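Please read these points beside the model.

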Amino acid sequence: MSSESYKVIECPHCHEKFEAKFWSVVRGDIDITIKDLIINEEFNLLMCPNCNKIFSYEENFIYMDPEEELFVIVMPEYYRNQENVIEKLKSDYMSIKNMLSDKKELNMEPEYLFGADKLREILLDDMNREEESEVISFICAEKNYRTKKIKKNFARKNKLPVVLPYKNATEKDDVLSILDEILNEYPKLTTLKTLAKLLSKTESARIEFIEDEDKTT
Ligand SMILES: [Zn+2]
């Protein structure tokens, strides 16, 4: 589903002009090698076929991963102050989105980022929170506590784990007592600490940011 585009680029070293391939849509759940390029800061690199020198070139692209609730439009950093260019891109992308969104899971608003390194930060943060969530799930299984999935986009925005431990009911007090207990034993679980802080500030007993089904690991 990922799509490519071609553009003629001039090498900044030898000034040779050549046609370079760009990804215009990257599916993070399918194109794992391209996702790795972004994480390894190699996504924007081009190699001149004439002088073999490598240089960085930014082009706008869409990154999406429906399962992760991630839909991002990445623009080059130098677009930041060019509002008319950004507006045009946004409307272009809305039409692409309409073409792509026959699946209901893609029906979310895109986020706009400047620079692939900003997307990289998000992907790395996702990976860290995912790892800590696995530890939390493991601890809960040991203690016979249950877990619900936290909505991915909410977890991302609030630096939370993607799982919510509970014992009897997914209500504030029940969850907070479990979090206290786990954090006493494992004080380094930072996402869990953030979750406890967020819940203690919440007024209602009902927790809104979870999925219906239990998380099965
Ligand atoms: Zn060159």
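**Notes on the predicted model**

1. The C-alpha centres of domain 1 and domain 2 are 34 Å apart. Domain 1 covers 3–114 and domain 2 covers 127–214, with bounds from an automatic or database domain assignment. Residues are numbered from 1 along each chain as its sequence is written. The model is predicted: local features need pLDDT of at least 70 and side-chain atom pairs count only at pLDDT 80 or more, whereas totals for chains, interfaces and linings use all residues.

2. Mean pLDDT (the predictor's confidence in each residue, from 0 to 100) is 89 for the protein, and 92% of the residues score at least 70. Helix H3 (residues 116–142) has the highest confidence, at 97, and helix H2 (residues 83–100) the lowest, at a mean of 74. Helices (H or I, at least four residues) and strands (E, at least two) are DSSP runs, numbered from the N terminus. Where pLDDT is low, predicted coordinates should not be read in detail.

3. Helix H1 (residues 32–39) and H3 have axes that come within 8 Å and cross at roughly 105 degrees; axes are lines fitted to C-alpha atoms, for helices over the stretch in contact, with angles from 0 to 180 degrees between N-to-C directions. H1 is therefore roughly perpendicular to H3 (65 to 115 degrees). Lys35, Ile38 and Ile39 of H1 meet Ala116, Leu119, Arg120, Leu123 and Leu124 of H3, contact being C-beta atoms, placed from the backbone, within 7 Å.

4. Five strands form an open sheet of mixed pairing, in the order S1-S2-S5-S6-S7. Strands S1 (3–10) and S7 (111–114) are at the edges with a single partner strand each, so one side of each has no neighbour in the sheet. Pairing requires at least two DSSP bridges between two strands.

5. S1 runs antiparallel to strand S2 (residues 17–27), joined by eight bridges. Ser5 has Phe22 in S2 as its bridge partner.

Methods
Parallel < 35°, antiparallel > 145°, perpendicular 65-115°, else oblique. Contact = placed C-beta atoms within 7 Å.
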